[in-house]
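Reader: I would like to go through this structure term by term. Please set each label against the rule behind it.

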Amino acid sequence: MSLRLLSPLLLLGLLGACGPDAEPAGRFPLALTMERAVANDVQALQVAVVSRGSSRSCTEIQRTCLGTQVRRDDLVVLKDAQGREGRALRFPVDLATLQSGGSLELAVDVPVGRDYALVIEAITTGTPPGFLGSSCNYLREVNAGDNAPVIAAPLTLTGGDCNPSIAP
């Protein structure tokens, strides 16, 4: 089973930083559509960005929970459209809307920088949450201005016996 991110999936835009201490960031609006029906267990998507992305194997990252593979300090702090911050941001999924051709729209602000890996994990909610699979994409550079569009790799459901939770 697979959940695909389809174009214009991941478009980089402009985020105006506010105040003298605000660090510049690039905004990543995400529009998620579903290619075909997948397991009804997908309850949320967790988005994280890892530093030193080119030194990591996306194939390996997609095999199990990101939190079990990287140190907390390797994850950059993200911000969503509501101002929530964390090293991983979780977005609820309305599976019925996706399966009927609708889309899920998200926005994530990523600090300006170079050599990142963007990881999107499909998870179940519950206690503890479960890992269903992930997508990994290399981001060479994030600018405060306009950025080139990025098409996210397909999110392949693999399952795994790990808790995907990442502390803020």
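Reader: Which pattern do the disulfides of the protein follow, with bonded cysteines counted along the chain?

Author: The pattern is 1-3, 2-4. Note that this is a predicted model, and the count of disulfides in it comes to two.

Reader: What makes cysteine 58 and cysteine 136 a disulfide?

Author: Their sulfur atoms lie 2.0 Å apart, and the rule asks for a pair of cysteine sulfur atoms within 2.5 Å, so the pair qualifies. The angle about the S-S bond is -55°, a left-handed link. Cysteine 58 belongs to helix α1 (residues 58-61) and cysteine 136 to strand β10 (residues 130-142), 78 residues apart.

Reader: Why is cysteine 136 called buried?

Author: Its relative accessible area is 6%, and buried means under 20%, so cysteine 136 is buried by that cut-off.

Reader: What makes arginine 52 and aspartate 74 a salt bridge?

Author: The closest N and O atoms of the two residues are 3.0 Å apart. The rule requires a side-chain nitrogen of Lys or Arg within 4 Å of a carboxyl oxygen of Asp or Glu, so the pair passes. Arginine 52 sits in the loop between β4 and α1, and aspartate 74 in the loop between α1 and β5, 22 residues apart.

Reader: Which residues are linked with these two in a network of salt bridges?

Author: The network consists of Arg52, Arg56, Arg71 and Asp74. In it, arginine 71 meets aspartate 74 at 3.2 Å, N to O. Arginine 71 has a relative accessible area of 54%, which is over 50%, so arginine 71 is exposed. The whole structure has seven salt bridges; another one joins glutamate 60 and arginine 63, at 3.2 Å.

Reader: Why is serine 134 called buried?

Author: Serine 134 has a relative accessible area of 0%, and the cut-off is under 20%, so the label applies. Serine 134 is found in strand β10. Leaving out residues up to four places away in sequence, serine 134 touches Ile61, Gln62, Val119, Ile120, Glu121, Pro154, Leu155 and Thr156.

Reader: Which residues have the most contacts inside the largest nonpolar core?

Author: They are Leu45, Val47, Val49, Leu78, Val108, Val110 and Tyr116, in a core of 23 residues. The elements giving two or more residues to this core are β4, β7, β8, β9, β10 and β11. Apart from it lies another core, of 12 residues, including Ala48, Cys58, Ala88 and Ala117.

Terms used: Residues numbered from 1 in each chain as written. Predicted model: local features only at pLDDT ≥ 70, side-chain atom pairs only at ≥ 80, totals over all residues. Heavy atoms only, no water. Helix = DSSP H or I, 4+ residues; strand = E, 2+ residues; numbered from the N terminus. Buried < 20%, exposed > 50% of the residue type's maximum accessible area, 1.4 Å probe, protein only. Core = buried A, V, L, I, M, F, W, Y, C linked by side-chain atoms within 4.5 Å. Contact = heavy atoms within 4.5 Å.
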